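Visitor: I would like to learn how to read a few features of a protein model. Could you walk me through them?

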Amino acid sequence: MSNNLPSVPDPSSHGDVSRVDSPEIVAWPAGDEGQRSTGMKPMVRRITSSIWRYKWLVALAILLGGAVGFLASRHFVQPQYVAKSRLWVELPSREAATQGPIQTGQILSPAAWIDLLSANAVLDPVVHDLRLHVRTESRTDSAALASLQVEEELSPGDYRFQVDPAGNAFTLSTAGGDVVQQGRQGEVVGRGLGFSWVPDSGVFSPGREIEFALRRPHDVSSWIASQIRSTSPVRGGNFILLEITGDNPVWLAAVLNGVANQFVEVAADLKRAQSEELTRLLEEQLQVAAQNLRAAEGSLQGFRVSTATAPTDRVIAAPPGLDATTGPAYSGFFGMQMQRDQLRQDREAIQRALSRSAGGELSVAALEVVPAVRASSELTRALGELTAKRAELRAMQNQFTDEYVPVQRLAQEVAVLEQQVIPRLASGVVNELRVREREAEGRLQVAAGEMREIPARSIEEGRLERDVSISSQLFTTLQQRFETARLAAISTVPDIRVLDPAQVPSWPVNGAERSRLFLMILGLSIGLAVGVPVLLDRVDPRLRYPEQVSGDMGLAILGAVPHVGGAGETGKRVKRDPTTDAVEAFREIRLNVAHAYGTAGPLLTTITSPGVGDGKSFVSCNLALAFADLGHRTLLIDGDIRRGQVHHLLGAVRMPGLTDYLSGTASTEEIVQPTAYASLDMIAGGTRMQAGPELLGSAAMASLIRDLKSRYSVILIDSPPLGAGVDPFILSTLTGHTMLVLRNGRTDREFARTKLEMLDRLPIRLLGAVLNDVPASSSYRSYGYLPGYEAENEVEAGDEPMQLERV
């Protein structure tokens with residue numbers, strides 16, 4: 001069969017199957033070219049085909065579901081925003097912790113910063129500055145209430161301020177309608193309710209109402225503290241992250257920035273107060289050290305005066321009898337005696353200081369002047385820590401009450417240092433001094449015999465000079481520390497500052513919840529969009545799938561004719577001539593019909609369909625041309641004597657035709673018409689007659705068939721549809737064979753099964769069914785053809801393409 005189909009349009013299709021020179025084919029999806037979908041389950045094919053068939057309904061349902069999901073996610077899920085602010089904290093290094101009591105760095109531990117954040121000293125000013133304890137519904141009312149002040153004994157609640165029609169008097173009532181105050185313009189509103197407000201004259205518009213709510217500032221502060229989330233700084237981190245969540249992004253940013261700025265200001269005040277308190281304590285210690293230094297110098301000066309020794313820095317030769325005081329023995333004994341006396345004095349001074357602290361506050365200055373205390377690094381560090389914590393405690397007590405947790409914690413630490421740590425360390429130093437004192441006493445007893453003649457005047461003078469030296473060193477050290485603390489107090493830098501102020505958030509943080517609701521509704525719409533087409537497919541009475549023919553009807557499928565549209569139709573197809581697949585389809589149908597019919601005599605069969613518009617005439621004409629192209633002498637008879645149109649498709653005339661021969665008005669030679677195609681003749685329907693069905697069942701019809709069988713090897717009779725009357729059954733009984741044409745998407749399956757039951761009761765052999773107008777979908781992919789295997793005439797290289805000729 002050539003690639004040239006006759007101009008035989010399918011009346012049921014969108015276009016004509018016309019002669020073409022270079023047929024083009026349907027393009028299979030990339031990566032699956034030429035493969036048939038034999039492995040795909042019929043159920044999956046039916047579902048995908050039904051979805052594709054109702055694709056616009058599916059798309060509409062999904063779009064509507066998406067729109068409903070979007071609106072629902074915005075209406076039922078209120079947006080929640082998060083404002084964030086980042087603070088930088090200067091944490092002390094480990095080295096700084098061992099440098100003594102003068103530290104201008106950290107005033108709070110990392111955990112205490114979070115406690116300070118929730119303090120009323122931080123939150124109450126923010127509440128007052130932003131007027132968070134006063135709530136109104138409009139900015140105009142907020143401006144009118146700008147002068148409202150609350151007192152400690154506030155009666156919180158919702159109030160309504162109403163001006164009388166004359167604009168001179170007002171009534172203040174609760175939300176429940178109870179009148180709590182009445183007055184005239186100029187009077188204080190809120191008297192006896194814990195707030196005071198003197199509205200200006202602009203508020204007294206006749207009939208004006210202002211609704212407002214008042215809350216205790218402390219309650220609002222507690223609520224804000226519960227809403228703010230914070231992260232505690234750790235060593236190496238140095239950052240505090242503040243977050244607050246709500247539905248008003250502008251309000252959130254304003255509150256968080258107010259809290260952060262007030263937090264920094266309170267921390268700066270605490271550090272400044274700590275530095276000032278530390279300076280005051282060091283000044284007191286410096287005064288004590290100065291008094292001790294003056295006392296030591298006075299004692300030395302008095303001793304020299306009393307011994308007629310003028311105070312001078314000049315070197316004086318030793319008088320006769322005193323030269324022995326300059327020998328090594330004298331120096332050693334003198335040093336041991338001074339050491340013993342110093343150990344005794346240090347021990348007694350520490351014991352006196354500890355005994356005095358039992359009834360009151362431990363005196364750091366009394367201990368720090370003791371040389372043995374300064375020699376003990378642990379005790380010195382403990383005293384420095386006590387001094388720093390006392391200064392920090394006094395600074396915090398100026399800002400907070402004793403119930404504040406950090407104050408209580410710091411007071412406990414001070415008490416532990418005063419009552420446990422320092423007494424324990426001091427007792428250890430006393431024990432050590434007592435042991436050393438006994439050892440020094442033993443050494444002195446050994447050297448006492450040799451030194452009994454040494455004057456006591458030199459010993460006493462050496463001791464006094466040593467007291468002066470020690471007092472001078474202590475005074476110098478405290479003076480240096482005092483100057484350092486005073487400079488630190490003057491140049492105090494806050495330990496914390498705002499690194500990233502809060503910005504007004506633009507996007508809600510509960511977008512995931514909105515997305516879940518949106519996706520849930522969208523998924524439900526997708527399920528409905530898929531389920532409804534599947535349900536409609538289940539109740540669809542029309543033919544849609546090849547399984548309905550081979551399974552439900554029990555018919556063998558002789559072939560499938562693809563949908564034939566215009567030459568320019570593309571869609572999801574590559575731009576090719578659609579007739580190429582149709583040519584191959586009729587070649588396959590020709591082979592299957594010949595095989596199903598067998599080799600007994602010429603091929604004689606009737607071609608019919610269940611209803612109108614199934615394309616039986618289209619199939620009849622092209623199948624006849626397929627046999628003719630193979631060289632068979634073929635005759636096509638238009639047995640549809642009621643509405644037959646085969647003569648139009650093959651370019652012939654209707655009269656004289658079959659009814660004219662059967663009625664005796666025309667001969668066989670007159671009704672047989674040649675066509676434009678070699679080996680193909682036809683007999684038209686002839687004159688329309690009311691007695692046509694009876695003529696088809698007459699002896700003349702049987703005689704005509706016997707006569708034509710001797711002339712042609714293939715005789716095809718195009719009969720009326722099975723639902724048109726008795727004609728197709730008569731013709732099928734006459735030929736003994738029939739083949740059914742079923743059109744995809746049009747043939748009524750139940751109607752077709754009913755007509756097939758009638759055929760089963762007649763002596764008719766049903767060869768099978770031809771599926772017409774099948775789409776290039778997954779359900780019919782097994783009936784497609786491999787691309788690139790079109791039968792074409794070869795064109796020599798260098799020649800112009802020529803029209804294909806029949807072969």
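Guide: Leaving aside neighbours within four places in sequence, Glu-418 is in contact (heavy atoms within 4.5 Å) with Glu-361, Leu-362, Leu-386, Arg-390 and Pro-423. This is a predicted model, in which local features need pLDDT of at least 70 and side-chain atom pairs count only at pLDDT 80 or more, while totals for chains, interfaces and linings use all residues. Residues are numbered from 1 along each chain as its sequence is written, and side-chain values use heavy atoms, with hydrogens and water left out.

Visitor: Is Glu-418 buried or exposed?

Guide: Buried means under 20% relative accessible area, exposed over 50% and partly exposed in between, using a 1.4 Å probe and protein chains only. Glu-418 has a relative accessible area of 18%, so the residue counts as buried.

Visitor: With which side chain does the side chain of Glu-418 make a polar contact?

Guide: A polar contact is a pair of N or O atoms within 3.5 Å; within protein, one must be able to donate a hydrogen and the other to accept it, and residues adjacent in sequence count only if both atoms are side-chain atoms. Here the partner is the side chain of Arg-390, at 2.4 Å.

Visitor: How do I read aromatic pairs?

Guide: A pair of aromatic rings is described by the distance of the centres and the angle of the planes. Rings of Phe, Tyr and Trp (its six-membered ring) pair if their centres lie within 6.5 Å; planes under 30 degrees apart count as stacked, over 60 as edge-to-face and the rest as tilted. There are 10 aromatic pairs in the structure. For Tyr-159 and Phe-212 the ring centres are 5.8 Å apart and the planes at 25 degrees, so this pair is stacked.

Visitor: Where in the chain do Tyr-159 and Phe-212 sit?

Guide: Strands (E, at least two residues) and helices (H or I, at least four) are DSSP runs, numbered from the N terminus. Tyr-159 lies in strand 4 (residues 157-163) and Phe-212 in strand 8 (residues 209-214), so the pair, 53 residues apart, links distant parts of the chain. Both Tyr-159 and Phe-212 are buried. Ring pairs also join them with Phe-161, Phe-170, Phe-195, Trp-197 and Phe-204 in a cluster.

Visitor: And how is strand pairing read?

Guide: Two strands pair if DSSP finds at least two bridges between them. Strand 12 (residues 557-562) pairs with strand 19 (residues 765-774) in the parallel sense over five bridges. Ile-557 has Ala-769 of strand 19 as its bridge partner. Five of the six residues of strand 12 are buried.
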